[in-house]
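Subject: Structure handover

Hello,

The structure you asked to take over is below. My notes on its cavities, pockets and charged pairs follow.

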Amino acid sequence: MIGNTEKIWLSLIGLTLLGAVLGETGNTGWPLTLTVVVLIFIKGSIVIDYYMEMRFANQRMRNVLRLFITIVPILVILSFAWGEEIRQLTTLN
Amino acid sequence: MTPLDPNPANSSSSTPQPSAISETAVVYGRVPGNTGIWVGIFCVLVEFLMLFTAYFIARVHNPEAFLNGPDKLVTLAGTVITLFLLSSGYCMVKAVDSIRNDQAKTSVRWISLSIILGFGYPLVKYFELNWYIENGVNAETGVFYAAYYYLTLNHLVHVTWGLMGLFFVAYRTATGAYTSQSYSGLEAAALYWHTTDILWIVLFSFFYILR
């Protein structure tokens with residue numbers, strides 16, 4: 001019988017393989033970007049809540065970790081949606 | 001007390017609750033590991049957040065380079081590294097689980113397996129980088145590859161610290177330093193190891209998948 005830990009591990013493996021297949025398709029654009037963003041968030045959340053066992057641990061510390069895997073996808077979306085505006089903002093001259 | 005009660009004062013150190021992941025004991029609202037490792041973990045997260053910001057700025061300034069960059073990287077290598085790290089992390093979950101049940105020998109076996117799988121990362125990275133160098137893909141090939149080398153090698157350095165930590169706790173566990181009542185050092189090493197998992201999940205997406 002497969003235990004909860006094994007199910008968590010298998011789900012991470014499955015999501016990784018899904019990401020790899022997406023990478024090999026060579027697709028671009030919003031569908032790929034949003035899928036990547038969702039994969040980062042889901043896999044990061046699984047590691048935080050189940051591998052690190054933060055689900056029932058100190059919630060402030062858990063929130064800091066979750067903030068990290070929330071900010072990164074937001075940065076992905078910002079750079080994709082407003083790349084030109086960010087480029088102008090970060091140009092020195 | 002609800003399972004998500006954030007107040008540690010409501011938790012009871014003498015009445016462990018069942019974990020959602022395993023049959024282990026988890027006290028609600030507690031701080032896993034020790035304070036020192038959390039300082040280290042948060043410093044690493046801040047460091048990589050700054051590196052990711054640099055990645056995004058480079059990306060918006062060089063959209064073409066980042067659109068075509070993944071074409072020259074070996075997705076299989078990145079995938080195998082991810083599988084090694086996540087499987088190694090699974091072994092550390094089992095190692096902590098074992099020590100909670102006072103099964104030190106079993107815990108050492110899991111830590112050892114975790115170390116072996118963890119070494120799969122530098123091994124694959126060695127062959128991957130050799131392949132790139134032989135095919136003329138180096139840090140001077142373009143801004144995408146400069147970012148790739150800088151961020152992934154930086155991550156590899158942190159994985160090296162993690163592996164050293166795993167060796168240390170393997171020795172400590174084997175010599176009876178940890179029991180079901182006292183295992184914060186082992187748990188701290190596992191937490192740091194899982195942090196490198198999170199960072200690699202992001203790096204894998206940035207360099208091998210995202211275009």
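Helix α6 of chain B gives the most to the lining of the largest cavity, with 4 residues. Please keep in mind that this is a predicted model. The other element giving two or more residues to that lining is α3 (75-100) of chain B, while α6 itself spans 184-209. The lining is made up of A:Y51, A:M52 and A:E53 from chain A, and B:M92, B:V93, B:V96, B:E187, B:A190, B:L191 and B:H194 from chain B. By class, 7 of these residues are nonpolar, 1 is polar and 2 are charged. The cavity holds about 80 Å³ of space, and the whole structure has 3 cavities of 30 Å³ or more.

The second largest pocket has about 230 Å³ of space. It is lined by 13 residues, of which A:F80, B:R59, B:P63, B:L67 and B:R211 are the closest to its centre. Two or more residues each come from α3 (59-81) and α4 (83-89) of chain A and from α1 (35-61) and α2 (63-68) of chain B. Of these, α2 of chain B gives the most, with 4 residues. The lining divides into 5 nonpolar, 4 polar and 4 charged residues.

- B:R100 pairs with A:E53, with the closest N and O atoms 2.7 Å apart. This pair crosses between chains, from helix α3 of chain B to the loop between α2 and α3 of chain A. Both residues, B:R100 and A:E53, are buried.
- B:R211 pairs with B:D71, with the closest N and O atoms 2.6 Å apart. The two come from distant parts of the chain, 140 residues apart: B:R211 is in the segment after α6, and B:D71 is in the loop between α2 and α3. B:R211 has 8% relative accessibility and so counts as buried, whereas B:D71, at 52%, counts as exposed. Separately, shared partners join A:E53, B:R30, B:R100 and B:E187 into one network of salt bridges.
- A:E84 pairs with A:R87 at 2.9 Å between the closest N and O atoms. Both lie in helix α4 of chain A, 3 residues apart, about one turn of the helix. A:E84 is partly exposed at 41% relative accessible area, and A:R87 is partly exposed at 28%.

Last, the surface. A:V38, A:F41 and A:I42 make a nonpolar patch of about 210 Å². A:F41 lies in helix α2 (residues 30-51) of chain A and is partly exposed, at 30% relative accessibility.

Regards

Notes:
Residues are numbered from 1 along each chain as its sequence is written. Chains are lettered from A and ligands numbered from 1 in the order in which they are written. This is a predicted model: local features need pLDDT of at least 70, side-chain atom pairs count only at pLDDT 80 or more; totals for chains, interfaces and linings use all residues. Side-chain values use heavy atoms; hydrogens and water are left out. On a 1 Å grid over the protein atoms alone, a cavity is a set of points where a 1.4 Å probe fits but cannot get out, and a pocket is an open set with protein on both sides within 12 Å along at least five of seven lines; lining residues have an atom within 4 Å of a point. Grid points are joined across faces, edges and corners, and a volume is the space filled by probe spheres set on the points. Ala, Val, Leu, Ile, Met, Phe, Trp, Tyr, Cys and Pro count as nonpolar, Asp, Glu, Lys and Arg as charged, and the others, Gly among them, as polar. Patches are made of residues with over 30% relative accessible area and no salt bridge: like charges are joined within 9 Å, nonpolar side chains (Val, Leu, Ile, Met, Phe, Trp, Tyr) within 5 Å. Accessible areas come from the Shrake-Rupley method with a 1.4 Å probe; for residues, only the protein chains shown count as cover. A salt bridge is a side-chain nitrogen of Lys or Arg within 4 Å of a carboxyl oxygen of Asp or Glu. Buried means under 20% relative accessible area, exposed over 50%, partly exposed in between (1.4 Å probe, protein chains only).
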